[in-house]
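Hi there,

Here is the structure I promised to hand over. Have a look at it first, and then read on for what I found.

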Amino acid sequence: MQLGGGSDKLAERLDELSALYVLTDRLYRAKSSHEASEAGLDAIRDGLGCRRASMLLFDEAGVMRFVAWRGLSESYRKALEGHSPWAVGGRNADAIFVSDIAETDEPAAVKEMIAREGIVGLAFIPLTVQGEVVGKFMTYYERRHAFASHEIDLATTIARQIGFYLERTRAEQARKIAEEELRGSEQQFRLMSEHAPVMIWTCDALGKCTNLNMMLREFWGVETEDVPTFNWHPTIHPDDAAEIGARMMQALSTQTAASVQGRYRNRKGEYRVLLTTARPHFSASGIFRGLIGVNVDVTERDQADMAMRHSEERFRSAVEAAPSGMVMTDEDGRIVLVNLHAETLFGYGREEMVGQGIEMLVPDRSRSSHPVFRQGYGSFPQARPMGAGRDLYARRKDGKEVPVEIGLSPIQTSEGMMALASVVDISERRRSEAQRELLMAELNHRVKNTLAVVQGIAHQTFRGTQATDAHAAFEGRLMALSAAHNILTQTSWEHASLDQIVCDSLQIRGAFSNRVSTTGPAILLQPNQALSLALAFHELLTNAVKYGALSNDAGTISVEWFRTDEPKPRLKLVWSELGGPTVSSPTRRGFGSRLIERGLAADLEAEVAMEFQPQGLVCRIDAPLPEGILPQ
Amino acid sequence: MTTLSGKRVLIVEDESLIAMLAEDFLIELGATVIGPATSIDDAIALIATQEIDAAVLDLNIRGERSDRVADALRLRDIPIVCATGYGQGAADFARGSAIIAKPYSKEKLDHSLRFALG
């Protein structure tokens, strides 16, 4: 701005300055855009001495609309609304000063409309916000108007002032909208979280509680108005406080997410296990606002987990302490668990076994068929010994094979059906069994040889004497004893079946087999019982052949026995002869009778009754049976 | 089945009383007794020199298994009756030959030998 020479000019300049000051002041105080527009138009009128003026702004659709005006008819405004020399957002827009509209290239209709309004000279001054055109103000003159440079300067200055105002109000508006949105979203967050079925909280950047939803307030028993002053730290279990505090501090100081589990005292004074997951939240401009957290009550789950862990630990320590090699495999036959014994047995360290297929422990020759057996077990899992009846071997790391006995048990776990194999190295047992068998065979051999020697001695003793019957009786008894020995030998002197003793004893003379009937359940006898009974049967049979039911062609013998279990197990056996010659009680008791009556009574603790009934001999034997040995 | 009458039967048995008993049984059954051999070498010598129809062979002669005797007999297709205190435990030794458990009766010996002779 240059000061001119004359005092009029000076007065004009002062008016201009004063108009600018007034404008600045009014814009500063403007409470609405209407007030601002009025101030702008007043400044144009007062500063530029222009009676008619207008202000237009682009609307949302990008159409230039009159927002304020002076001295313009409605029809003029309607006709020229939307007319703009600049596009929305255009940059570097310059003001356009037209001395006489008639001299421009505007369309005739526009020129005519302007002329009809009585306008000759006019100016288009762009209003810009941050360099972009948002509107314009116009000054109108009824006569041709040459725009002086100070007028141009002033117009530009007024436009800039209004632009600043617009810029400020727009920013203000944007901020207000953003704030409202934020308030709205916070409101919404509170509303949503309030009734959420989990515990939700927020805290500020310093960790101070800013919001607790209903569930969490109820947990702690905090009233809404007390939330801002509520301190939750004292509710943490003393043992968990340090860790939870540290984790939360870390989340706050590093502005990162955190997850921590711990015990908190609720309003009733009970400790509950809460799993807290917290995330940082930031303002739109990236400022850390604090944490938003969710607490889930996992007390029951935690207890179940603990119980599961305990039972798993117990299981593991039981497996570890088991006195045999334990190997657990999953459904695919992968080893998942082994114990110390298994390491010793197989010669592998557990880290060499776990994760590998179980087939690594199977001898080469059975390896290819093993998966089939395994799958068979998987489809019908039950606790049972492996490889029924087959000799099983395990392959050690050094390639050696060891005889083993394997028991399988299915274990249902959270990771599916597992098979737990208990593997016992039976090399030692095999060796001692073989040793025992060898000794037993040797003993039998010697006993039999001794019996044969006794037989030989008897033979030599009786040779040439008249005692043929006695010799035969002696040899018969010796053979009966030997036959009973044979039966016992078959079971390694553990037991003998009564049925076999009866049949073998009575079929020594096969000719009578169809005249002797035997009925009774399977009963196992101890060796001494077996020997005594075998000798007794021999005597009974010999007697029957000589004097009883087998001494003629028609007699028969029935041997029946049964077992009673109350109060204690006993064997009741009845030998009855029928159809032989009429029996009379013998005057003299021979060795046979004595052996039966006294021998059995002594050896078996049995009650023996010999009844010499006329139709045939009946012998009743009532002997205790050992408890625990059951018929097989 | 033939009788044992006139059959030449070798007895291999180290226990003299048992050997004598077998000898008596065989004589009573009408057989001719070769031996009894009381050692493995004696038995093998007899097998090499004597005409033998059948043999009653103890599995264990003076603490040694009498496999060599059994082999020599089998080589000459002489039927064997294994007399043993081991019972059926001697099955691997007998290799299909008859086994009779000691002590045996004359009848049992008769039956086994006749069966072995076919």
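**A helix in chain B**

In helix α2 (residues 40-49) of chain B, the buried residues are A43(B), L46(B) and I47(B). They sit on the same side of α2(B), because the arc they cover around the axis is only 100 degrees. Turn to the other side of α2(B) and you will find D41(B), A48(B) and T49(B), which are exposed. What do the buried residues of α2(B) pack against? Their partners are β1 (8-12), β2 (32-37) and α3 (67-75) of chain B. Please keep in mind as you browse that this is a predicted model.

**Two helices in chain A**

Next, please look at α13(A) and α14(A), which pack with their axes 10 Å apart, at an angle of about 175 degrees. That angle makes α13(A) roughly antiparallel to α14(A), because angles over 145 degrees count as such. On the α13(A) side, the residues that meet α14(A) include V447(A), L451(A), V454(A) and F462(A). Among those that α14(A) brings to the contact are F474(A), L478(A), L481(A) and H485(A). Sorted by class, the contact of these two helices has nine nonpolar, six polar and two charged residues.

**Where the chains meet**

The contact between the chains involves 21 residues of chain A and 15 residues of chain B. Both α13 (427-462) and α14 (468-490) of chain A supply at least two residues each to the side of chain A that touches chain B. Which of the elements gives the largest share of that side? It is α13(A), with 15 residues. By class, this side of chain A has eight nonpolar, ten polar and three charged residues.

**A sheet in chain A**

Finally, there is an open sheet of five strands in chain A, with mixed pairing and the order β18-β20-β21-β23-β22. Its edge strands, β18 (516-519) and β22 (607-613) of chain A, each pair on one side only. On average, neighbouring strands of the sheet are turned by 10 degrees against each other, direction ignored.

Key:
Residues are numbered from 1 along each chain as its sequence is written. Chains are lettered from A and ligands numbered from 1 in the order in which they are written. This is a predicted model: local features need pLDDT of at least 70, side-chain atom pairs count only at pLDDT 80 or more; totals for chains, interfaces and linings use all residues. Two strands pair if DSSP finds at least two bridges between them. Helices (H or I, at least four residues) and strands (E, at least two) are DSSP runs, numbered from the N terminus. Axes are lines fitted to C-alpha atoms, for helices over the stretch in contact, and angles run from 0 to 180 degrees between N-to-C directions. Two residues are in contact if their C-beta atoms, placed from the backbone, lie within 7 Å. Ala, Val, Leu, Ile, Met, Phe, Trp, Tyr, Cys and Pro count as nonpolar, Asp, Glu, Lys and Arg as charged, and the others, Gly among them, as polar. A residue is buried if 20 or more other C-beta atoms lie within 10 Å of its own, exposed if 12 or fewer, and partly exposed in between; C-beta atoms are placed from the backbone. The arc is that of the directions from the helix axis to the C-beta atoms. Angles under 35 degrees count as roughly parallel, over 145 as roughly antiparallel, 65 to 115 as roughly perpendicular and the rest as oblique.
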